[in-house]
Amino acid sequence: MTKNLKNTTSTILGISGSPVENSNTDLLVKTIMEATGANQEFVKLSNIKVAPCMACKKCVYTNQCVQDDDFKWLSQKVLNADGLVIGSPVMYGNASAFTKAFVERLWSLRHVKLLTQGKVGATAVVGWSWTDDVSKWLNYIMMIGGMEVVGNVIGHGSPGCFTCGPGENCNHSVWNTTKKLELMMGRQFGMEKIYEGYMKELPDNNPMTNPSYKILKCISVKDQLEVMEKALDIGKAIGAKLKVDIKL
Ligand SMILES: Cc1cc2nc3c(=O)[nH]c(=O)nc-3n(C[C@H](O)[C@H](O)[C@H](O)COP(=O)(O)O)c2cc1C
């Protein structure tokens, strides 16, 4: 967790649901946060313990979750922040489990009093498939928390199944499995469309070969200029909403 104190009373809290060290998701969340010019706190969910909601409903009238884990202090940080940036990689077509558990626990702040109402927010999602769905879902979560979503950014990271090592030799990679299913079921799942962006960059138009593996391993949001610019713009827009004197 990092905290920078600046000459403003506004605080922005960044939450990353990526377990990867210095990940693409972390970078997008931090880029947005830094561009706000507000005081910043960054929390990586994989470094702390936030369990899923147990649906005990004991928080209904107290707005306090009774589970004894790091959400105790994290919920205070959410409440104290003027803005919230939530980032997640796509995993199995969804937000990461770290992100999902955190979002479930936000339920305790919602009912009856809607304690997160009026905060400004933004979301960052990294992946290739299902990115729009995860992004829309995260935006929706913020909105039902009464927050204003100032912007959302989607970036591309290194796709796990193409960069894990075995690559084309793994019969059960998402690419090879889907290709087999397409043959068996006689229908197309549109893999070429989903991965269109980097298929064009590959020497052989096939993610499952060794040269492709090397190229795919290098994919970083840092090199996606439009994505980085969008993250900066969202941060600046949040800063303007919070009336922070931005000096970048
Ligand atoms: C278990 C697992 C499941 C994944 N599932 C998906 C997926 O469904 N769609 C996708 O686009 N990427 C998927 N990925 C790839 C990650 O989203 C991708 O590596 C992303 O760049 C990670 O972002 P990060 O660098 O911020 O962690 C998966 C990765 C892992 C480890």
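Which element gives the most to the shell around the ligand? Strand β4 does, with three residues.

The model is predicted; local features require pLDDT of at least 70 and side-chain atom pairs pLDDT 80 or more, whereas totals for chains, interfaces and linings use all residues. Residues are numbered from 1 along each chain as its sequence is written.

**View 1. The shell around the ligand.** The ligand is surrounded by 19 residues, among which S23, T25, P89, G127 and G157 are the closest (a residue is near a molecule if its C-beta atom, placed from the backbone, lies within 6 Å of it). Two or more residues of the shell come from each of α1 and β4 (helices are DSSP runs of H or I with at least four residues, strands are runs of E with at least two, and both are numbered from the N terminus). By class, nine residues of the shell are nonpolar, ten are polar and none is charged (Ala, Val, Leu, Ile, Met, Phe, Trp, Tyr, Cys and Pro count as nonpolar, Asp, Glu, Lys and Arg as charged, and the others, Gly among them, as polar).

View 2. Because six of its six residues are buried, strand β2 (residues 11-16) is largely enclosed by the rest of the structure (buried: 20 or more other C-beta atoms within 10 Å of the residue's own, with C-beta atoms placed from the backbone). In a regular strand, side chains alternate between the two faces of the sheet. In β2, T11, L13 and I15 point one way, and I12, G14 and S16 the other. Strand β3 (residues 39-44) runs parallel to β2 and is joined to it by six bridges (strands pair if DSSP finds at least two bridges between them); S16 stands opposite K44 of β3. The β-α-β crossover from β2 through helix α1 (residues 24-36) to β3 is right-handed (with the strands pointing away from the viewer, the path from the first strand over the helix to the second runs clockwise). Strand β4 (residues 83-91) is also parallel to β2, through five bridges, and G83 is the bridge partner of I12.

**View 3. Strands β6 and β7.** Six of the eight residues of β7 (residues 148-155) are buried. Seven bridges pair β7 in the parallel sense with β6 (residues 120-126), where A122 stands opposite G151. The chain passes from β6 through helix α4 (residues 131-144) to β7 in a right-handed β-α-β crossover.

**View 4. The contact between the domains.** Five residues of domain 1 touch six of domain 2 (contact: C-beta atoms, placed from the backbone, within 7 Å).

How values were computed
Two residues are in contact if their C-beta atoms, placed from the backbone, lie within 7 Å. A residue is buried if 20 or more other C-beta atoms lie within 10 Å of its own, exposed if 12 or fewer, and partly exposed in between; C-beta atoms are placed from the backbone.
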